[in-house]
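Dear colleague,

Please find below the structure for your files, together with its sequence. The findings follow directly after it.

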Amino acid sequence: MPAQPPAPPTADSAGTDALLSTLTRIADALERIAPRAATAPDLHGADAFVWHPSPARLDPVPKVNRVDLVLLRGIDRMRDVLAENTERFARGLPANNALLWGARGMGKSSLVKAIHAETNERLASRDGERPLKLVEIHREDIESLPALMSLLKADPHRFIVFCDDLSFDSDDTSYKSLKAVLEGGIEGRPQNVIFYATSNRRHLLPRDMMENERSTAINPGEAVEEKVSLSDRFGLWLGFHKCSQDEYLDMINGYAAHFGLAYEPERLRAEALEWATTRGARSGRTAWQFIQDLAGRLGARLDA
């Protein structure tokens with residue numbers, strides 16, 4: 001019996017095929033635009049990383065922009081307290097989140113990076129000790145902090161998550177997610193993570209924001225308490241104040257000696273003071289900028 005030719009496609013089967021083709025294209029497009037699942041990062045290649053939330057990744061920093069701890073003058077008490085807290089954390093002992101607040105240019109972020117390096121130098125001298133990792137999160141990415149914590153908590157290393165120049169504007173509500181991650185959430189902060197932040201504001205929020213809450217709230221005390229409780233999540237408050245003239249000159253002399261800049265002492269003093277006067281501030285940053293200018297005029301390099 002001769003084979004029967006295939007039946008011609010009906011309107012219903014043609015419509016079904018077209019629908020399946022359309023659905024397949026939609027599924028392929030959704031798969032392409034869907035965010036990729038975060039994969040466990042390789043944390044062995046560097047001791048410092050920068051967090052990027054989209055797509056979620058930790059980019060290694062081969063060479064951290066830092067200064068030696070011995071060059072940070074005029075902040076001895078803050079240095080000792082933060083170093084002790086970091087050492088305890090690196091050893092697996094209880095330690096506090098730290099807020100370094102106060103005057104601009106007084107070495108807040110430099111201190112965090114320098115203490116991280118010094119702590120790792122000590123850990124390297126001990127057999128079997130893993131290095132402490134430094135992870136920087138940018139202010140604008142603070143809402144992704146829970147995702148970063150989830151990524152780090154399963155790793156055997158210990159981490160300082162560091163946010164430089166942290167503060168919040170009047171219409172910014174992301175501070176609430178930071179509060180939950182630091183202490184108040186169900187999971188809380190992972191045991192292998194500590195959070196260090198620097199800010200020019202003691203309470204991280206602008207004064208006019210807090211005063212506006214006080215004047216418009218039904219219960220002003222409770223409204224302000226909501227704002228202030230963010231900084232309360234930091235067990236360490238380390239205040240940095242403007243340095244005196246003697247402290248500023250001590251910074252200048254320390255930098256000049258460290259980098260071997262041969263310069264007549266009285267002339268160095270006079271030019272350093274003039275430099276600070278023209279900028280209207282005495283600080284570690286001002287001292288470093290003067291040393292860079294001096295080294296350039298002397299034709300010297302500042303390779304630490």
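In β7, W237 is the bridge partner of L99. The two strands concerned, β3 (residues 98-102) and β7, pair in the parallel sense over 5 bridges. Please note that this is a predicted model.

Both strands belong to an open sheet of 7 strands with mixed pairing, in the order β2-β1-β4-β5-β6-β3-β7. The edges are formed by β2 (56-60) and β7 (236-240); each has a single partner strand, so one side of each is left without a neighbour in the sheet. From one strand to the next, the twist averages 25 degrees.

Helix α2 (residues 76-90) lies across β3, β5 (159-163), β6 (193-199) and β7, and runs at about 150 degrees to β7. N85 is located in helix α2 and is buried, with a relative accessible area of 0%. Leaving aside neighbours within four places in sequence, N85 is in contact with A95, N96, I194, Y196 and L236.

Helix α4, for its part, lies across β1 (48-53), β2, β4 (133-136), β5 and β6, running at about 165 degrees to β5. The buried residues of α4 (residues 145-152) are L145, L148, M149, L151 and L152. Seen down the axis of α4, these buried residues fall within an arc of 160 degrees, so they line one face of the helix.

With kind regards

Conventions. Residues numbered from 1 in each chain as written. Predicted model: local features only at pLDDT ≥ 70, side-chain atom pairs only at ≥ 80, totals over all residues. Heavy atoms only, no water. Buried < 20%, exposed > 50% of the residue type's maximum accessible area, 1.4 Å probe, protein only. Helix = DSSP H or I, 4+ residues; strand = E, 2+ residues; numbered from the N terminus. Arc of directions from axis to C-beta. Pairing = 2+ DSSP bridges. Axes fitted to C-alpha atoms, helices over the stretch in contact; angles between N-to-C directions. Contact = heavy atoms within 4.5 Å.
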